[in-house]
Amino acid sequence: MEDGTLILLLICGLFVFALVFCAIVVKIRRWLDDIKIVRMEMLRADDWDEYVEWRREYRVLLLSLIPGLNPERIERIRHYFKRRRKRKTKR
């Protein structure tokens with residue numbers, strides 16, 4: 001390979017790395033903003049039921065940072081374990 005080709009590949013690689021890094025930073029920043037909003041709403045809850053809803057939303061947001069988990073999958077997992085716990089207590 002020539003030196004010019006190597007330098008061009010290196011520049012392209014750094015550019016792609018910078019784009020991926022910026023995308024990760026933007027995602028984490030949005031996630032932190034959402035967390036802050038939900039925590040603020042938890043503090044402002046009028047009654048216990050509203051507080052429980054916001055706490056559930058807070059847990060979903062915390063787990064949603066894990067790659068591959070979206071709110072629907074988190075709810076299915078939570079529902080599965082909740083059902084198992086109820087089955088154990090009935091026996």
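Close-up 1. E75 has a relative accessible area of 29% and is partly exposed. In this predicted model, the side chain of E75 meets that of R78 in a salt bridge, with N and O 3.0 Å apart. R78 is also partly exposed, since its relative accessibility is 32%. Both residues belong to helix α3, which covers residues 71–90. They are three residues apart, about one turn of the helix. The structure holds three salt bridges, and the other views below include R29 with D33 and E41 with R44.

**Close-up 2. Salt bridge between R29 and D33 in helix α1.** The side chains of R29 and D33 form a salt bridge with an N to O distance of 3.5 Å. R29 and D33 both lie in helix α1, four residues apart, which is about one turn of the helix. R29 is partly exposed, at 48% relative accessible area. D33 is partly exposed as well, at 29%.

**Close-up 3. Salt bridge between E41 and R44.** The closest N and O atoms of E41 and R44 are 2.9 Å apart, and the two residues form a salt bridge. E41, at 21%, counts as partly exposed. R44, at 51%, counts as exposed.

**Close-up 4. The largest nonpolar core.** Five residues make up this core: W31, I35, V38, M42 and L61. Helix α1 gives the most to the core, with four residues. In soluble globular proteins, nonpolar side chains tend to be buried together. V38, one of the core residues, is in contact with W54, E57, Y58 and L61 when its neighbours within four places in sequence are left aside. Among these contacts, L61 is itself a member of the core.

**Close-up 5. A nonpolar surface patch.** The patch has an area of about 690 Å². Its residues are F15, V16, L19, V20, I24, I28, L32 and L65. V16, one of the patch residues, lies in helix α1, which spans residues 3–43. V16 counts as partly exposed because its relative accessibility is 48%, and a residue needs over 30% relative accessible area to be part of a patch.

Definitions and conventions: Residues numbered from 1 in each chain as written. Predicted model: local features only at pLDDT ≥ 70, side-chain atom pairs only at ≥ 80, totals over all residues. Heavy atoms only, no water. Patch = residues over 30% accessible without salt bridge, like charges linked within 9 Å, V, L, I, M, F, W, Y side chains within 5 Å. Areas by Shrake-Rupley, 256 points an atom, 1.4 Å probe, with all protein chains shown as cover. Salt bridge = Lys/Arg side-chain N within 4 Å of Asp/Glu carboxyl O. Helix = DSSP H or I, 4+ residues; strand = E, 2+ residues; numbered from the N terminus. Buried < 20%, exposed > 50% of the residue type's maximum accessible area, 1.4 Å probe, protein only. Core = buried A, V, L, I, M, F, W, Y, C linked by side-chain atoms within 4.5 Å. Contact = heavy atoms within 4.5 Å.
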